[in-house]
Amino acid sequence: MKVLVAYYSRTNVTKKVGDAIAKSLNADVEEITSTVKYEGKIGYARAGKDAMGEKIIKLGALKYNPSDYDLVYLGAPVWVGKAANPILSYIKQNEGKFNDVKFFATAGSRDFDKIFKQMQDYVGKAPQKTLELTTKEVKKGEFEEKLSSFIN
Ligand SMILES: Cc1cc2nc3c(=O)[nH]c(=O)nc-3n(C[C@H](O)[C@H](O)[C@H](O)COP(=O)(O)O)c2cc1C
């Protein structure tokens, strides 16, 4: 089975999870980048505003075509109770190209269900499974068990 792990990560927390999934499954990795600057303090404010408005933005160049994969893992951080808009932009840019999907997300504390619902609406299909992790769990490296049941 061909597997792709596609994620957006502003401060490398979601990246840590995505890379661990990819390593376990020997999957290809699409690290989604934004042409809009979300780094730093000004970027933080912009990120909140753009996520709130579900702003579709121009992404950096992509390496892979999701339709070449049986399963695509889609990952993003929660921004203001919404999915970080770069992941929504990615889904939109690849509309109709997803076979099966699984979703993973990281957040300071909450709103996972909301963003999984939002991602599902954009993809147009329900995920096989979802994985939610707090920033703290990821930073401490305390997610091996949850990861294992997510990828199996
Ligand atoms: C603009 C912005 C808004 C955020 N809003 C929320 C939120 O509503 N709820 C929450 O639990 N965490 C929120 N966070 C925290 C991030 O979801 C969390 O730090 C995440 O693990 C960062 O992942 P990353 O390093 O992959 O970007 C927000 C972070 C940013 C930058």
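Let me begin with Leu-74, which touches Ala-6, Ile-87, Val-101, Phe-103 and Met-119, leaving aside residues up to four places away in sequence; contact here requires C-beta atoms, placed from the backbone, within 7 Å of each other. The model is predicted: local features need pLDDT of at least 70, side-chain atom pairs count only at pLDDT 80 or more, and totals for chains, interfaces and linings use all residues. Residues are numbered from 1 along each chain as its sequence is written.

Leu-74 is among the residues with the most contacts inside the largest nonpolar core, which has 40 residues. Such a core is a set of buried Ala, Val, Leu, Ile, Met, Phe, Trp, Tyr and Cys residues joined through C-beta atoms within 7 Å, buried meaning 20 or more other C-beta atoms within 10 Å of a residue's own, with C-beta atoms placed from the backbone. Strand 3 gives the most to this core, namely six residues; strands are DSSP runs of E, at least two residues, and helices runs of H or I, at least four, numbered from the N terminus.

I turn to the sheet. Strand 3 and strand 5 pair in the parallel sense over seven bridges, pairing being at least two DSSP bridges between two strands. Leu-71 stands opposite Asp-100 in strand 5. Strand 5 also pairs with strand 6 (residues 130–134), in the parallel sense, over five bridges, and Phe-104 has Leu-131 of strand 6 as its bridge partner.

Finally, the ligand. Its surroundings comprise 22 residues, the closest being Ser-9, Thr-11, Val-13, Thr-14 and Pro-77; a residue is near if its C-beta atom, placed from the backbone, lies within 6 Å. Helix 1 (13–25), helix 2 (40–52), strand 3 (71–79) and strand 5 (100–107) each supply at least two residues of this shell.

Key
Buried ≥ 20, exposed ≤ 12 C-beta atoms within 10 Å, placed from the backbone. Contact = placed C-beta atoms within 7 Å.
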